[in-house]
2 protein chains.
Amino acid sequence: MAEPSPDLALMFKALGDSTRLHIFEFLRACCCPVAVEENGDVRPVSGPTVGEVCCHVTGAEQINSTISHHLKELRLAGLITVERRGKNMVCGVNRQAVASLASFFNKDIPDEKSNKCC
Amino acid sequence: MAEPSPDLALMFKALGDSTRLHIFEFLRACCCPVAVEENGDVRPVSGPTVGEVCCHVTGAEQINSTISHHLKELRLAGLITVERRGKNMVCGVNRQAVASLASFFNKDIPDEKSNKCC
DNA sequence: CTAACATTTCTATAATTCACGAAATATAGG
DNA sequence: CCTATATTTCGTGAATTATAGAAATGTTAG
């Protein structure tokens, strides 16, 4: 009855949309890019900006409100972090959340041959 | 652009509803119960019946169409199996699906201190 | 064959979600 | 302060989903 520590259902719901799953996988793969400004400056960041995420996922140059909405849902589920870096918002995965999801699926898995569970 | 894996988003969507997550967790925990008939007969089964799942999740004695619908969605997502056993339908988790979900969250997880990913 | 039972499918309705454009907010720079 | 840029919030309509009751399906027992 009682909800487990993190709201697992909320996380799964957030990952249950293909656009959001794309975003999440992109952020997991692209964990620490370096942004290159138009003038050639290299800006060390902890993750891609919201606009870069949008560009990668939709191919569009401009960020749109739909991606912003999806990022918000991922953030509210605790799966990603979004914080301001100057004019941009940079994203990153919440590794603690990923770890708790991993442990959710790793636990038990009783061997079908040697049923220890009952 | 290409879908990440075999219907991961579909699995997550299925688990993204709290009722279905309850069902799924129940089936994982209760992997090989033995059903006792009214007459005292013990019937070895590979999992609880749909009615037993419904009873556990909703408290209702009778199965209702809502639970049936949720079970169908879990089944179509590949997360559980449902097969007829006499008059009943018995459920079980699809351990292969659980394993692929586990590996999805286990992969990479690069250490934040030693960034090897770029 | 008929009755009883377990479960699914059908149908309808309420609620939620997705996507999009317009407007609002926040920040940096001149 | 004013403008440009990046992003979010708001409002709306279309699409999907959840829920519940009624009817249908398949199975066993008599």
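Which helix gives the largest share of the surface near DNA strand D? That share, five residues, comes from H4(A). Keep in mind as you explore that this is a predicted model.

**Around DNA strand D**

- There are 22 residues around DNA strand D, and those that come nearest are Thr49(A), Gly51(A), Ser65(A) and Ser68(A), along with Ser65(B) from the other chain.
- Several elements each supply at least two residues of this surface: helix H3 (50-58), H4 and strand S4 (88-93) of chain A, and H4 of chain B.
- Sorted by class, the surface near DNA strand D has 11 polar residues, six charged ones and five nonpolar ones.

**Around DNA strand C**

- Here the residues number 21, and Ser65(A), Thr49(B), Gly51(B), Ser65(B) and Ser68(B) come nearest to DNA strand C.
- From chain B, helix H3 (50-58), helix H4 (65-76) and strand S4 (88-93) each supply at least two residues of the surface near DNA strand C, as does helix H4 (65-76) of chain A.
- With five residues, H4(B) gives the most to this surface.
- The class count for the surface near DNA strand C is 11 polar, five charged and five nonpolar residues.

- Start with H3(A) and H4(A), whose axes come within 10 Å and cross at roughly 110°.
- An angle from 65 to 115 degrees counts as roughly perpendicular, and H3(A) and H4(A) are therefore roughly perpendicular to each other.
- On the H3(A) side, the contact is made by Val50(A), Val53(A), Cys54(A), Val57(A) and Thr58(A), while H4(A) brings Ile67(A), Ser68(A) and Leu71(A).
- The residues of this contact of H3(A) with H4(A) are six nonpolar and two polar, with no charged ones.
- H4(A) also packs with helix H2 (residues 18-29) of chain A, at an angle of about 70° and with the axes 10 Å apart.
- That angle makes H2(A) roughly perpendicular to H4(A).
- The crossing of H2(A) and H4(A) is right-handed.
- Thr19(A), Arg20(A), Ile23(A) and Phe24(A) in H2(A) meet His70(A), Leu71(A), Glu73(A) and Leu74(A) in H4(A).
- By class, the contact of H2(A) with H4(A) has four nonpolar, two polar and two charged residues.

**How helices pack in chain B**

- In chain B, the axes of helix H2 (residues 18-29) and H3(B) come within 10 Å, crossing at roughly 120°.
- Are these helices perpendicular or oblique to each other? H2(B) and H3(B) are oblique.
- The handedness of the crossing of H2(B) and H3(B) is right-handed.
- From H2(B), the residues Thr19(B), His22(B), Ile23(B) and Phe26(B) meet Val53(B), His56(B) and Val57(B) of H3(B).
- That contact of H2(B) with H3(B) contains four nonpolar and three polar residues, and no charged ones.

**A hairpin in each chain**

- In chain A, strand S3 (residues 80-85) and S4(A) run antiparallel and are joined by six bridges.
- To see one pairing, look for Arg84(A), whose bridge partner in S4(A) is Met89(A).
- The hairpin of S3(A) and S4(A) has two residues between the strands, and Gly86(A) takes a positive phi near 65° there.
- In chain B, strand S3 (residues 80-85) and S4(B) are antiparallel, with six bridges joining them.
- Two pairings to find are Thr81(B), which stands opposite Gly92(B) in S4(B), and Ile80(B), whose bridge partner in S4(B) is Val93(B).
- S3(B) and S4(B) form a hairpin with two residues between them, and Gly86(B) in the turn has a positive phi of about 65°.

Notes:
Residues are numbered from 1 along each chain as its sequence is written. Chains are lettered from A and ligands numbered from 1 in the order in which they are written. This is a predicted model: local features need pLDDT of at least 70, side-chain atom pairs count only at pLDDT 80 or more; totals for chains, interfaces and linings use all residues. A residue is near a molecule or strand if its C-beta atom, placed from the backbone, lies within 6 Å of it. Helices (H or I, at least four residues) and strands (E, at least two) are DSSP runs, numbered from the N terminus. Ala, Val, Leu, Ile, Met, Phe, Trp, Tyr, Cys and Pro count as nonpolar, Asp, Glu, Lys and Arg as charged, and the others, Gly among them, as polar. Axes are lines fitted to C-alpha atoms, for helices over the stretch in contact, and angles run from 0 to 180 degrees between N-to-C directions. Angles under 35 degrees count as roughly parallel, over 145 as roughly antiparallel, 65 to 115 as roughly perpendicular and the rest as oblique. A crossing is left-handed if the near helix is turned anticlockwise from the far one by less than a right angle, and right-handed if clockwise. Two residues are in contact if their C-beta atoms, placed from the backbone, lie within 7 Å. Two strands pair if DSSP finds at least two bridges between them.
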